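Here is a short briefing for a reader new to this structure. Take a look at the model first, then read on by topic.

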Amino acid sequence: MAKAASFTCSNCGAVHSKWSGRCDDCGAWNTISEDKPLTTGPKAKGLGVARGRKVVLTALDTPEAPPPRTMSKMGELDRVLGGGLVAASAILVGGDPGIGKSTVLLQAAAAFANQGMKVVYVSGEEAAAQVRLRARRLGLGDADVKLAAETNLRDILTTLEAEKPDLAIIDSIQTMWLDTVDSAPGSVSQVRAAAHELTTFAKRNGISVVLVGHVTKEGQIAGPRVVEHMVDTVLYFEGERGHQFRILRAVKNRFGPADEIGVFEMTGAGLAEVANPSALFLSDREKPAAGSVVFAGIEGTRPVLCEIQALVSPAPAGQARRSVVGWDGGRLAMILAVLESRCGIPFQGLDVYLNVAGGLRISEPAADLAVAAALLSAREDVALPEGTVVFGEISLSGGLRPVGQTETRLKEAQKLGFSRALIPDRSKTGAIAGVTAQKMPDLAALVGDVFGAG
């Protein structure tokens with residue numbers, strides 16, 4: 001009896017027994033396609049009586065040397081990778097179209113080649129001549145990087161096996177296709193099979209492989225989520241096209257810290273590293289103005305100062321807007337509710353706009369207090385004193401919760417010339433020379449003491 005066909009959603013990876021126009025798990029439309037098996041497999045239902053080989057077992061405390069790493073000398077890239085490129089690792093890089101994925105990887109290929117590694121760059125989207133033109137524009141024309149334009153994965157793996165490079169870059173995984181899978185390139189079956197073959201090839205041959213992945217409208221890497229589980233490291237290349245800053249963020253890393261970021265600046269000669277992102281994010285900041293607050297955050301292992309901007313204006317009757325860029329819209333709604341319920345500050349009939357300057361995206365709850373201060377500053381038209389940084393988490397009761405690495409945040413603020421900090425009352429911090437920490441017991445104290453409202 002033939003095995004029943006299965007159908008998989010390309011947006012969330014959910015498996016369905018039959019096709020439908022809408023995925024019941026994620027709600028996306030027209031994302032379900034038939035999942036073709038890689039092989040027909042054995043017809044028997046069980047494993048049978050055939051015995052397999054015995055797997056080697058080792059003790060948990062067996063001494064193990066740290067994995068060897070190769071530094072690219074691109075400090076921001078090495079930071080995100082956890083200290084350099086690990087041999088036989090699989091890395092997935094995702095990002096919006098035109099954000100600079102191919103550019104940064106071409107620069108990385110040249111940097112690793114300059115360190116003595118043998119590098120192969122395979123493009124499935126551009127001809128080799130186009131890649132050479134970009135390399136010459138970036139000043140990398142003399143880099144010892146081998147190029148190929150191919151989408152047939154069988155031919156690519158045969159070439160890599162013969163060349164035996166140290167690093168292979170595949171741009172992109174959605175353009176690769178296997179002749180053993182009966183579906184179009186970019187489909188769930190093809191992406192999953194191609195990622196599995198490349199990851200297995202990397203582990204078996206000791207070759208580091210970097211896969212470029214397209215993203216969906218929601219910013220997730222297109223294809224089944226199982227691809228992210230297969231690889232060792234998942235990097236997202238973030239940024240707004242209207243800003244020159246680009247953020248390379250590690251969301252998964254088996255060989256280093258997750259949530260680490262590397263900051264780059266888009267220039268005419270490619271992507272330039274930003275050694276001190278705090279100074280760059282605040283370089284265009286004007287004098288203190290209503291609605292502008294500096295937030296001291298932590299991205300991975302480094303402190304980053306950035307500007308949070310808010311604008312509150314009268315809205316047409318029944319048409320109040322809530323617009324957010326660079327932060328979670330649901331968390332903004334929560335803070336507005338806490339301000340109105342616990343502090344008596346109404347925002348009904350008012351448009352609220354919130355923006356994180358520089359194209360940075362913030363996810364940590366420590367930004368709650370800075371957002372609340374920016375909203376109050378914009379609503380009351382009162383600017384915070386010059387040289388003030390703000391951070392802290394807000395609870396639904398209106399209380400303020402301390403956040404981690406308080407001293408690290410304050411030291412970074414002190415290096416950039418800030419002399420005052422608004423922080424939660426129970427924050428654990430020592431004396432930081434030149435910085436006065438004003439501790440707030442709850443959100444009502446911020447409203448009354450700083451803005452005289454409520």
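Helices (H or I, at least four residues) and strands (E, at least two) are DSSP runs, numbered from the N terminus. This is a predicted model, in which local features need pLDDT of at least 70, side-chain atom pairs count only at pLDDT 80 or more, and totals for chains, interfaces and linings use all residues. Residues are numbered from 1 along each chain as its sequence is written, and side-chain values use heavy atoms, with hydrogens and water left out.

**Helix 5**

- Helix 5 covers residues 188–205.
- Its 18 residues should span 26 Å at 1.5 Å a residue, and the end C-alpha atoms are 26 Å apart, which agrees. The expected span is 1.5 Å times one less than the number of residues.
- Buried residues of helix 5 include Val188, Val191, Leu198 and Phe201. Buried means under 20% relative accessible area, exposed over 50%, and partly exposed in between (1.4 Å probe, protein chains only).
- Just after helix 5, Gly206 has a positive phi of about 70 degrees.

**Record annotations**

- An unreviewed UniProt entry lists residues 66–215 as "domain: RecA family profile". UniProt positions are in the numbering used here, feature names are shortened, and annotations may be inferred rather than shown by experiment.
- The span 66–215 is 39% helix and 21% strand, and its end C-alpha atoms lie 33 Å apart.
- The unreviewed entry also gives a "binding site", with Asp96 and Lys101 among the listed residues.

**Two of the listed residues**

- Asp96 sits in the loop between strand 6 (90–95) and helix 2 (101–114).
- Asp96 has 36% relative accessibility, so it counts as partly exposed.
- Leaving aside neighbours within four places in sequence, Asp96 is in contact (heavy atoms within 4.5 Å) with Lys101, Val215 and Phe237.
- Lys101 lies in helix 2. Lys101 is buried, because its relative accessible area is 9%.
- Not counting residues up to four places away in sequence, Lys101 touches Asp96, Phe237 and Val212, among others.

**Helix 8 and helix 11**

- The axes of helix 8 (residues 329–343) and helix 11 (residues 443–451) come within 10 Å and cross at roughly 80 degrees. Axes are lines fitted to C-alpha atoms, for helices over the stretch in contact, and angles run from 0 to 180 degrees between N-to-C directions.
- The two helices are therefore roughly perpendicular, a term for angles of 65 to 115 degrees.
- Val338, Leu339 and Cys343 of helix 8 meet Leu443, Ala444 and Val447 of helix 11.

Notes:
Angles under 35 degrees count as roughly parallel, over 145 as roughly antiparallel, 65 to 115 as roughly perpendicular and the rest as oblique.
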